[in-house]
Amino acid sequence: MTIKEIASESGYGVGTVSRVINNNGSVSDKARARIMKVIEEHNYQPNENAKRLKIQSHYGIAVIVKGRSNALFESVIERMHQAVQTKGYQFIPYYIDQDDNEVEKAREILNERNPYGIIFLGSNLEFFNKDYNISIPSVIVTADASELNLKNVSSVSVDDLRAASFMTDYLLDLGHKNIGVIGGNPDLSRPSSMRLIGVNSSFIKHRMNFDVNKNYAYGRFSLRGGYVAARDLIKKFPDLTAIIAMSDLMAIGAIRALNELGKKCPEDISVTGFDGIEIADYTVPGLTTIRQDADGLALRSVEILINSIENGTEAVHEIVPYILKTGESTGKV
């Protein structure tokens, strides 16, 4: 009998079973009693072979988070934490800079902690394309990883391209023609590159030209990053009437920059965000934004990962829905 079989028969997760066997970590009396009953009924011997010892050495689920100021990620992490613990696993978050190599960090974690699986929250798929040789189950969240064709790497994401195109259509329908964009470095940020493609596709559909050199400025996904990027954008594109920010925090920073430059939002320049974080409902003016499903991103990623850990399922790739939430930060030209 294996740990997976004990977990299946007892109704608890592999992580909970492992903690009972190793007498390591907190487990409820009810769970411990049920698992021990199954172990005793089958006369399970934890140390009967090296394979089982290897399985028992796993520790928790690692979550690698890119960036420390992403408000959407904060919401997703909170929900993930609850879902992982409910399944009986330890939740182990690691924070790295938004430009760092998450694959290198994953190798480091694998050597130090040997987790059951890894969740990547925010990712640059180029790091995976180059040399990804980690064999444990993994899920990339907020980026579609289907193109990687890795059997152990799943993904849960929003259709960034379509969402950005939809937002651009909305502004063009309001009469805006001089639209600028602020976001991350498209060479390092998968969401930024896909959203930029989405904006451009909308321009092409409306038989208009989007000049990246003039219409785009990038910065970090933060209040300060949005503030700096907006000032840079206005300097090289003074005629713009609308700014598409690739995160709500960037949008809020951009509105601050407009105020300092003596421009009103939306009377002079409309501003849109992306994420749908709670604070966007309380800004003045209230933010027009693409609202991502934080619950869906968190819960599905955990469900997919644990199903892969416990049942050996191969990679799946899911797209969660988004909605356009209109606020007072946009208006007609």
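Arginine 207, which lies just after α9, adopts a positive phi of about 60 degrees. This residue belongs to a predicted model, in which the mean pLDDT of the protein chain is 90. A pLDDT of 70 or more is reached by 95% of the residues. Residues 48-56, by contrast, have a pLDDT below 50; beyond near neighbours in sequence, this stretch makes 16 contacts in the model.

Several residues of α9 are buried, among them Arg190, Pro191, Ser192 and Ser193 in one run. Arg195, Leu196, Gly198, Val199, Ser202 and Phe203 are likewise buried. In general, an α-helix has 3.6 residues a turn, so residues three or four places apart point the same way.

The model also contains an open sheet of six strands, arranged in the order β7-β6-β8-β9-β10-β12 with mixed pairing. Its edges are formed by β7 (216-218) and β12 (322-325), each of which pairs on one side only. From one strand to the next, the twist averages 15 degrees. Strands of a sheet pair through backbone hydrogen bonds, in either a parallel or an antiparallel manner. Strand β10 (residues 288-292) and β12 run antiparallel and are joined by four bridges. Isoleucine 290 is positioned opposite leucine 324 of β12.

Note on methods:
Residues numbered from 1 in each chain as written. Predicted model: local features only at pLDDT ≥ 70, side-chain atom pairs only at ≥ 80, totals over all residues. Heavy atoms only, no water. pLDDT = per-residue confidence, 0-100. Contact = heavy atoms within 4.5 Å. Buried < 20%, exposed > 50% of the residue type's maximum accessible area, 1.4 Å probe, protein only. Helix = DSSP H or I, 4+ residues; strand = E, 2+ residues; numbered from the N terminus. Pairing = 2+ DSSP bridges. Axes fitted to C-alpha atoms, helices over the stretch in contact; angles between N-to-C directions.
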